Amino acid sequence: MLGLECAGERADMRAVVLDGDLRFVRDYPAPEVPPGWARVRVQMAGICGTDMELIKGYKEFKGVLGHEFVGVVDQCENAEWVDKRVVGEINAGCGHCEWCKKGMGRHCPERRVLGILDLDGCMADYCMLPIPNLQEVPSDLPDVRAVFTEPLSAACEVLEQVVLRG
Ligand SMILES: [Zn+2]
Ligand SMILES: [Zn+2]
């Protein structure tokens, strides 16, 4: 990954952008981290069937694609996270509704979803997520395996939501 090039106040980054058209650009504004969030320098990102559906118009998503990643935290108000290699829960709840208060931000009606709903994704030099969404990756797990955490967890979620009989 290339470093950020600062042009005045704004830092640009490379990104795969969907806005009716699918484009690779080098001048997408790098995310500015709100309080309680972390910025991640993406090391590796995956492509899946959901991305192909978004390109066809699913959810009318506009922004940076990508929701499967492994990367290193480069900005975070909590210094303990900086330089940690992480993967992340892709649903970002509002943090203050009934669902979020019960710790069920994945069902928050106001949630944003990395690279899927109202939140720029990880096919870029940088992406961002709320700090509680981060999961540190054990040092012995290589990027090529860690990048599959999101699709694996999505598959495991099905087993939590569906009761199998017989
Ligand atoms: Zn996916
Ligand atoms: Zn909420």
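The following paragraphs describe the fold of a predicted protein model, from its overall dimensions to individual residues.

Because the model is predicted, local features are reported only at pLDDT of at least 70 and side-chain atom pairs only at pLDDT 80 or more, whereas totals for chains, interfaces and linings use all residues. Residues are numbered from 1 along each chain as its sequence is written, and chains are lettered from A and ligands numbered from 1 in the order in which they are written.

The secondary structure of the protein chain consists of four helices and 12 strands; these are DSSP runs numbered from the N terminus, with helices (H or I) of at least four residues and strands (E) of at least two. Along the principal axes, the C-alpha atoms occupy a box of roughly 60 × 40 × 35 Å. Of the contacts with a separation of 6 or more, 66% join residues 24 or more positions apart, a contact being a pair of residues whose C-beta atoms, placed from the backbone, lie within 7 Å. Buried residues make up 36% of the 166 residues. Here a residue is buried if 20 or more other C-beta atoms lie within 10 Å of its own, exposed if 12 or fewer do, and partly exposed in between, with C-beta atoms placed from the backbone.

One open sheet contains five strands in the order E11-E4-E6-E7-E12, with antiparallel pairing; two strands pair if DSSP finds at least two bridges between them. Strands E11 and E12 stand at the edges with a single partner strand each, so one side of each has no neighbour in the sheet. Neighbouring strands of this sheet are turned by 45° against each other on average, direction ignored; the axes behind this angle are lines fitted to C-alpha atoms, for helices over the stretch in contact, and angles run from 0 to 180 degrees between N-to-C directions. Within the sheet, eight bridges join E4 to E6 in the antiparallel sense, and Val 42 has Gly 71 in E6 as its bridge partner. Strand E6 (residues 68-76) and strand E7 (residues 85-88) are antiparallel and share two bridges, with Val 72 opposite Arg 85 in E7. Three bridges then connect E7 to strand E12 (residues 134-136), again antiparallel, and Gly 88 stands opposite Leu 134 in E12.

Leaving aside residues up to four places away in sequence, Cys 127 touches Pro 31, Val 40, Val 42, Phe 69, Leu 114, Asp 120, Gly 121 and Cys 122.

Strand E2 (residues 10-18) contains Met 13, which counts as buried because it has 23 C-beta neighbours inside 10 Å. Met 13 and Ala 30 are 17 residues apart in sequence, with their C-alpha atoms 5.5 Å apart. E2 is also among the elements covering the buried residues of helix H1. Those buried residues are Thr 50, Asp 51 and Leu 54. Seen down the axis of H1, they fall within an arc of 100°, so they line one face of the helix; the arc is that of the directions from the helix axis to the C-beta atoms. The face turned away from this buried side carries the exposed residues Gly 49, Met 52 and Lys 56.

Just after H1, Gly 57 takes a positive phi of about 120°. Glu 60, in the loop between helix H1 (49-56) and strand E5 (63-64), has a positive phi near 50° although it is not glycine. With 9 C-beta neighbours inside 10 Å, Glu 60 counts as exposed.

A second open sheet has three strands in the order E8-E9-E10, with mixed pairing. Its edge strands are E8 (91-92) and E10 (118-119), each pairing on one side only. E8 and strand E9 (residues 112-114) pair in the antiparallel sense over two bridges, and Val 113 in E9 is the bridge partner of Asn 91. Strand E10 contains Asp 118, a residue other than glycine with a positive phi of about 65°. Asp 118 is partly exposed, with 14 other C-beta atoms within 10 Å.

Definitions and conventions. Contact = placed C-beta atoms within 7 Å.
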